[in-house]
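Please read the following report beside the sequence and the model.

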Amino acid sequence: MLKIINDKGVAAAIEQFYKFKEDQFQKILKIDIQWGEIDSLGYLLLDEGRRSEAIAIFKLNVSEHPDLWAVYDSLGEAYLKNGDIELAIGNYKRSLELNPQNTNALEILKKIGKAYLTHIVVCTWRESNMQPAIRSRVL
């Protein structure tokens with residue numbers, strides 16, 4: 001898949017993945033691409049700084065393995081590295097729902113909470129004196 005990503009882009013690689021999955025010859029041989037292989041590809045791309053491509057690969061893994069906590073953990077990490085905090089939080093929470101023993105997700109959510117709680121501020125104007133009232137919103 002990496003060669004296809006490099007040559008034609010991530011969308012072409014994902015399209016090829018689904019074609020391979022539906023191929024009758026592949027079904028006869030019972031060849032299956034495991035979640036760990038897809039995950040490794042995502043991390044390879046993430047390590048190369050190719051975040052959007054990594055996110056697309058991790059999303060493919062989530063769509064193929066929706067009941068596996070680890071794929072949400074990986075997607076959460078990619079979103080976090082991309083600065084998509086809300087999406088990262090959602091995926092880490094889903095990972096914890098599927099595996100409450102996932103200490104990595106728990107630690108990351110704690111760190112996110114501490115780092116961003118002070119930055120998420122909702123300003124409302126008090127009608128009486130037109131000054132902003134600031135309150136924090138818990139994630």
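Helices (H or I, at least four residues) and strands (E, at least two) are taken as DSSP runs, numbered from the N terminus. On that basis the chain has 8 helices and 2 strands, in the order α-α-α-α-α-α-α-α-β-β.

The model is predicted, so that local features need pLDDT of at least 70 and side-chain atom pairs count only at pLDDT 80 or more, while totals for chains, interfaces and linings use all residues. Residues are numbered from 1 along each chain as its sequence is written, and side-chain values use heavy atoms, with hydrogens and water left out.

The average pLDDT (the predictor's confidence in each residue, from 0 to 100) is 82 for the chain, and 75% of the residues score at least 70. Over residues 117-139 the pLDDT is below 50, although this stretch has 30 contacts (heavy atoms within 4.5 Å) beyond near neighbours in sequence. Where pLDDT is low, the predicted coordinates should not be read in detail.

| Element | Residues |
|---|---|
| helix H1 | 2-8 |
| helix H2 | 10-22 |
| helix H6 | 69-81 |

H4 also belongs to this cover, and the buried residues of H5 include Phe58 and Asn61.

Asp39 lies in helix H4 (residues 35-47) and, beyond its neighbours within four places in sequence, contacts Phe58, Asn61 and Ser74.

Technical notes
Buried means under 20% relative accessible area, exposed over 50%, partly exposed in between (1.4 Å probe, protein chains only).
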